[in-house]
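Hi,

Here is the structure I said I would pass on. Have a look at it first, and then read my notes below.

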Amino acid sequence: MNIFDNEPKQQPQRPQMPQMPKLPKGMGKAVIIGAVLLAVIGLGSTTFYTVQEQERAAIMTFGKFTGEEKAGLHFKLPYPIQDVIKVPAEITQRIHIGYIEKNGKDISEEGESLMITGDENIVSADAVVEWKIGNIEKYLYNIEEPELFLRNASIAAIRTVIGSTKLDSAITDGKTEVQIKVKEKLDELNNLYDTGILIQDIKFQDIEPPEGEVSNAFKEVTNAREEKNTKINNAKKYENDIIPKARGEAQAILENAEAVKKSRILNAQGDVAKFNAVQQEYAKSPSITENRLILETLEKILPNAKIIISDNNDSTVKYFPVNDLLKGSAKGATTTP
């Protein structure tokens, strides 16, 4: 028997738990204040928001559209009660059809640009569609990918209109009409699907046959037509310039002829009146009137001649100073009131 069996056994010592260091006095209050400030800042970041000039904001309350706001600083209920979706609704956006812009260059996309015309010819049509967001709620909820829808709808509208238009019209003077019809068709599609997209304009960059001999031939036809239209316009301009002048000259000639006609009629009437007056005086005393007409005629024929009438039937010469008498009668006529 071991002598040490009766000795009391030593109990194993338990490890002591490390004690937390005591915070300095007042530190706990500062931690609480900091936590409150962080909560306030976090709450404010989800409460106040800013909308830029080119944007409009859709207000979502529990995931449902409840309103919209324009540019400025605004307040909303904290997330997740309310949320905001901003969209560039105040700017005009563009979609290129038939080509893409890369590094400042236009690269053709034949899959979009090549189309068949109404008379079964192939053309390459490049266009730019200008659009804006008209209704935010419809834009966000009625279609899943608005820009992809707009691209596909634009291509469909262009193909539909080009497919019912003859090549000759599409590449010459019918391009404006094609643009109008494409916009109308695109508006119909947007209204049908209620997309909230507003089409502002569609402009064709080019509508022409594919590159090659066909394209060159059509370009020559187009140039010839443009030259024809230019000459027609110049001819109309000349016509509009020369015809009014000719009409004015003709009217002036007619007016001058009418004036000459009236003048001659009046002169003839005066001559007739004068002749009638002389005829009446002649009827009263034919010899005196006859002598007077002879003297007036001689005066007109020989204005500087000195007229002397003499009678030498007897021994005394009788003298009649005709010029002196005529001058006296002329002076009397001028001084008579």
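**Around Gln82**

Gln82 sits in strand S5, which covers residues 82-87. Keep in mind that this is a predicted model. With a relative accessible area of 14%, Gln82 counts as buried, since the cut-off for that is under 20%. Its side chain makes a polar contact with the side chain of Thr61, at 3.0 Å. A polar atom of the Gln82 side chain also lies 2.8 Å from the backbone nitrogen of Leu77. Setting aside neighbours within four places in sequence, Gln82 is in contact with Ile59, Met60, Thr61, Lys76 and Leu77.

**On the surface**

Leu77 turns up again in a nonpolar surface patch, together with Phe48, Phe62, Leu73, Phe75 and Ile81. Together these residues have about 660 Å² of accessible area. One of them, Leu73, belongs to strand S4 (residues 72-75). Leu73 is exposed, at 63% relative accessible area.

**Inside**

The largest nonpolar core has 37 residues, and the members touching the most others are Trp131, Ile158, Val182, Phe204 and Ile207. Elements giving two or more residues to this core include strand S10 (122-133), helix H6 (175-193) and strand S11 (197-208). Helix H4 gives the most, with 8 residues.

Cheers

Key: Residues are numbered from 1 along each chain as its sequence is written. This is a predicted model: local features need pLDDT of at least 70, side-chain atom pairs count only at pLDDT 80 or more; totals for chains, interfaces and linings use all residues. Side-chain values use heavy atoms; hydrogens and water are left out. Patches are made of residues with over 30% relative accessible area and no salt bridge: like charges are joined within 9 Å, nonpolar side chains (Val, Leu, Ile, Met, Phe, Trp, Tyr) within 5 Å. Accessible areas come from the Shrake-Rupley method with a 1.4 Å probe; for residues, only the protein chains shown count as cover. A salt bridge is a side-chain nitrogen of Lys or Arg within 4 Å of a carboxyl oxygen of Asp or Glu. Helices (H or I, at least four residues) and strands (E, at least two) are DSSP runs, numbered from the N terminus. Buried means under 20% relative accessible area, exposed over 50%, partly exposed in between (1.4 Å probe, protein chains only). A nonpolar core is a set of buried Ala, Val, Leu, Ile, Met, Phe, Trp, Tyr and Cys residues joined through side-chain atoms within 4.5 Å. A polar contact is a pair of N or O atoms within 3.5 Å; within protein, one must be able to donate a hydrogen and the other to accept it, and residues adjacent in sequence count only if both atoms are side-chain atoms. Contact means heavy atoms within 4.5 Å.
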